[in-house]
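Work through the exercises below with the sequence and the structure open. Try each task before reading its solution.

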Amino acid sequence: MEILLFVCLGLVAGTLGGLLGIGGSVIMIPALLFFIPNMTIHLAQAIAMSVNPAVAISSAAKHHKNRNVSWDVVWRVLPLSLLFISVAAWFSNSIEGAWLEFAFATFLIWVLWDQIACIIGISPHTTTSSRSSMLQYGATGGITGTIAGLLGIGGGLIQVPLLNRLCKLPIKRAIGTSSAIMFVTAILGATVKDVSLQNVDHSAFAAIKHAAQIIPGALVGGWIGAKLTNVLPSKSIRIVFAILVILAGYKLFASSIPVIF
């Protein structure tokens, strides 16, 4: 039964990710906590981070084929992104679970805003024609790496706006460039997170085993989601997803706040 849950979770996460252009961790981590017995936030993060490279590679390959990856920006953002995701992923396993759940629930507020902005037609992304400095590239990598490592996410919901605003990339190239960066950072972030699980009495094997059960469904779901993008009404899908985000955020706040305060 547990294997079936993991396969179904991968299918749902991959499909929504393909439809909405979001990372699967936003769906996987709350679902793992709510539906898998004895699941902890640390293990859920490790599982999600171990799935991310498999999901990111197909997206990165597609965007590269469509020439939507700015490789010069990738090489400028990547160094600090790798450094910060490694440090943050290792450090996250020393943080009490309730605080991580609270932080993830807070992050879901940003996700909710991003979806509402898309539903009502407000674009949170802007760009100008001026060139970016190395400080802006570094800030993009550092901020994204830190948030991704601490929360166990791919980081696209944060990185795409930063690439667009700070690095001056058009939105399509920002999305493609983000996917290429995430493929590399996801591998290192997952490795560090899995290895450091011993600090919270979990094993890397458990994370990798469960991730392997999710990946096939996620890959199939991503293909389905991409195919359905031009078939299903995107606003209706985003409304349903926003409702799920509200429920997930509420449950995470409800379970973490009494412990923290």
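The exercises that follow concern a predicted model.

**Exercise 1. The overall fold**

Task: State how many helices and strands the protein chain has, and decide how its radius of gyration compares with the globule rule.

Solution: 
- Step 1. The protein chain holds 10 helices and 0 strands.
- Step 2. Read in sequence order, the pattern is therefore α-α-α-α-α-α-α-α-α-α, and the radius of gyration is 17 Å, close to the 18 Å from the globule rule for 261 residues, so the chain is as compact as a globular protein of that length.
- Step 3. The C-alpha trace spans about 50 × 40 × 35 Å along its principal axes.
- Step 4. Among the 261 residues, 51% count as buried.

**Exercise 2. Helix H3**

Task: Check the end-to-end span of helix H3 against 1.5 Å a residue, then locate its kink.

Solution: 
- Step 1. Helix H3 covers residues 41-65, which is 25 residues.
- Step 2. The expected span, 1.5 Å times one less than the number of residues, comes to 36 Å for H3.
- Step 3. The end C-alpha atoms of H3 are 36 Å apart, which agrees.
- Step 4. H3 has a kink of about 30° at Asn 52, shortly before the proline Pro 53.
- Step 5. After H3 comes Arg 67, with a positive phi near 60°.

**Exercise 3. Helix H8**

Task: Repeat the span check for H8 and find where H8 is kinked.

Solution: 
- Step 1. With 25 residues at 1.5 Å a residue, H8 should span 36 Å.
- Step 2. The C-alpha atoms at the ends of H8 lie 35 Å apart, in agreement with that value.
- Step 3. A kink of about 25° in H8 is centred on Thr 185.

**Exercise 4. The second largest cavity**

Task: Name the residues that line the second largest cavity, and sort the lining by class.

Solution: 
- Step 1. H3 and helix H8 (171-195) each contribute at least two of the lining residues, and H8 gives the most, with 3.
- Step 2. By class, the lining has 4 nonpolar, 3 polar and no charged residues.

**Exercise 5. Phe 253**

Task: Is Phe 253 buried, partly exposed or exposed?

Solution: 
- Step 1. Phe 253 belongs to helix H10.
- Step 2. Buried means under 20% relative accessible area, and exposed means over 50%.
- Step 3. The relative accessibility of Phe 253 is 22%, so Phe 253 counts as partly exposed.
- Step 4. Phe 253 and Ala 103 are 150 residues apart in sequence, while their C-alpha atoms are 9.0 Å apart in space.

Technical notes
Residues numbered from 1 in each chain as written. Predicted model: local features only at pLDDT ≥ 70, side-chain atom pairs only at ≥ 80, totals over all residues. Heavy atoms only, no water. Helix = DSSP H or I, 4+ residues; strand = E, 2+ residues; numbered from the N terminus. Bend = angle between axes of the 7 residues up to and from the residue. Rg over C-alpha atoms; globule rule 2.2 N^0.38 Å. Buried < 20%, exposed > 50% of the residue type's maximum accessible area, 1.4 Å probe, protein only. 1 Å grid on protein atoms, 1.4 Å probe; cavity = no way out; pocket = protein on both sides within 12 Å on 5 of 7 lines; lining within 4 Å. Nonpolar A, V, L, I, M, F, W, Y, C, P; charged D, E, K, R; others polar.
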